[in-house]
Amino acid sequence: MSFWTSANFYPNIGSKFLVTIENLEGGAQFLVNSVDPLPSYSTENIGGDLNQDGTGYDPVKKQARVKWDPVTISFVNDANENPEKSTLFKFIQVLYDSGYNPQSADESSGTPTSDNIESIMINNQSVSRKIGGVTIQTLAPSGNPTSEYELVDPVLSAVRVSGVNYDTDNIHTFDVTFEYSHITFKTFSI
């Protein structure tokens, strides 16, 4: 007897993903095993604590704002890749190609140092030209897609590299976080 409620029931598998990133050096597809979280949202009520009659709080009659949660994708850091053609290099290069411009707190100080940098500005519109679209497909064990999430207007918000540890042979990864305006979603029959 099947563990699931029916022999015809097949759950989405949460550990194999095909990620397509458009415009990243001509577009690229990656097999990854961690997308955390899958695109999701929460809502927050807008307005005060009283309902329209002024008699108390009524969450049903309130307007709500949708907040899409950032998505973090973990990529494997390939030791055999040419460093200047590596995926990590491409993501970091997006920062420099998008108007990386450290602004020193004192213009007469010359080259900014960690002590006198007031802010670092990048142009999100330029980033969006470098990363045109992000699509995440969940894959069945057979390799066929079961569902697809497309991040609309993705913005690269963070790149984090895992630390080096000489005590273990664990795979080193780097995490890329995207924020986005909303998603499109579709499912596939298996």
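Hi everyone, and thanks for coming. Please keep in mind throughout that we are looking at a predicted model.

Let me begin with the overall picture. The protein has 190 residues, and 28% of them count as buried. Its secondary structure consists of 13 strands and 2 helices. The accessible surface is about 12600 Å², with 48% of that belonging to carbon and sulfur atoms. If you take the contacts between residues at least 6 apart in sequence, 59% of them join residues at least 24 apart.

Now to the sheet I would like to walk you through. It is open and has 5 strands, in the order E2-E1-E9-E10-E13, with antiparallel pairing. Strand E2, residues 28–32, and strand E13, residues 182–187, are the edges, each pairing on one side only. On average, neighbouring strands here are turned by 20 degrees against each other, ignoring direction.

Let's cross the sheet from the E2 side. Strand E1 covers residues 17–22 and is joined to E2 by 5 bridges, the two running antiparallel. If you want a landmark there, find Thr20, which stands opposite Gln29 in E2.

Further along we come to E9 and E10, which pair in the antiparallel sense over 6 bridges. Here Val134 stands opposite Leu151 in E10. These two strands form a hairpin with 5 residues between them, and Gly143 in the turn has a positive phi of about 100 degrees. How exposed is Gly143? It is partly exposed, with a relative accessible area of 35%.

Tyr149 has Phe185 in E13 as its bridge partner. How much of E10 is covered? Mostly covered is the answer, with 6 of its 8 residues buried.

That brings us to the inside. In soluble globular proteins, nonpolar side chains tend to be buried together. In this model the largest nonpolar core has 25 residues, and those touching the most other members are Ile21, Ile73, Phe75, Phe91, Val134, Ile136 and Phe178. Which elements give two or more residues to this core? They are E1, E2, E6, helix H1 (87–97), strand E9 (133–139), strand E10 (145–152) and E12.

Next, the aromatic rings. The model has 5 aromatic pairs. One of them is Phe30 with Phe75, an edge-to-face pair at 5.0 Å centre to centre and 85 degrees between the planes. This pair links distant parts of the chain, with Phe30 in strand E2 and Phe75 in strand E6, residues 71–76, 45 residues apart. Both Phe30 and Phe75 are buried.

Phe75 has a second ring partner in Phe174; this pair is stacked, at 5.4 Å centre to centre and 15 degrees between the planes. It also links distant parts of the chain: Phe174 is in strand E12, residues 173–179, and lies 99 residues from Phe75 in strand E6. Why do we call these two buried? The cut-off is under 20% relative accessible area; Phe75 has 3%, so it counts as buried, and Phe174 has 1%, so it does too. Together, Phe30, Phe75 and Phe174 form one aromatic cluster.

Finally, two backbone details in loops. First, Asp36 and Pro37 are joined by a cis peptide bond, with omega about -15 degrees. Pro37 is found in the loop between strand E3 (35–36) and strand E4 (41–46).

Second, have a look at Asp153, where phi is near 55 degrees, a positive value in a residue other than glycine. Asp153 is found in the loop between E10 and strand E11, residues 155–161. Is Asp153 buried or exposed? It is exposed, with a relative accessible area of 55%.

That's my tour, and I'm happy to take questions.

Conventions: Residues numbered from 1 in each chain as written. Predicted model: local features only at pLDDT ≥ 70, side-chain atom pairs only at ≥ 80, totals over all residues. Heavy atoms only, no water. Pairing = 2+ DSSP bridges. Helix = DSSP H or I, 4+ residues; strand = E, 2+ residues; numbered from the N terminus. Axes fitted to C-alpha atoms, helices over the stretch in contact; angles between N-to-C directions. Buried < 20%, exposed > 50% of the residue type's maximum accessible area, 1.4 Å probe, protein only. Contact = heavy atoms within 4.5 Å. Areas by Shrake-Rupley, 256 points an atom, 1.4 Å probe, with all protein chains shown as cover. Phe/Tyr/Trp six-rings, centres within 6.5 Å; stacked < 30°, edge-to-face > 60°. Core = buried A, V, L, I, M, F, W, Y, C linked by side-chain atoms within 4.5 Å.
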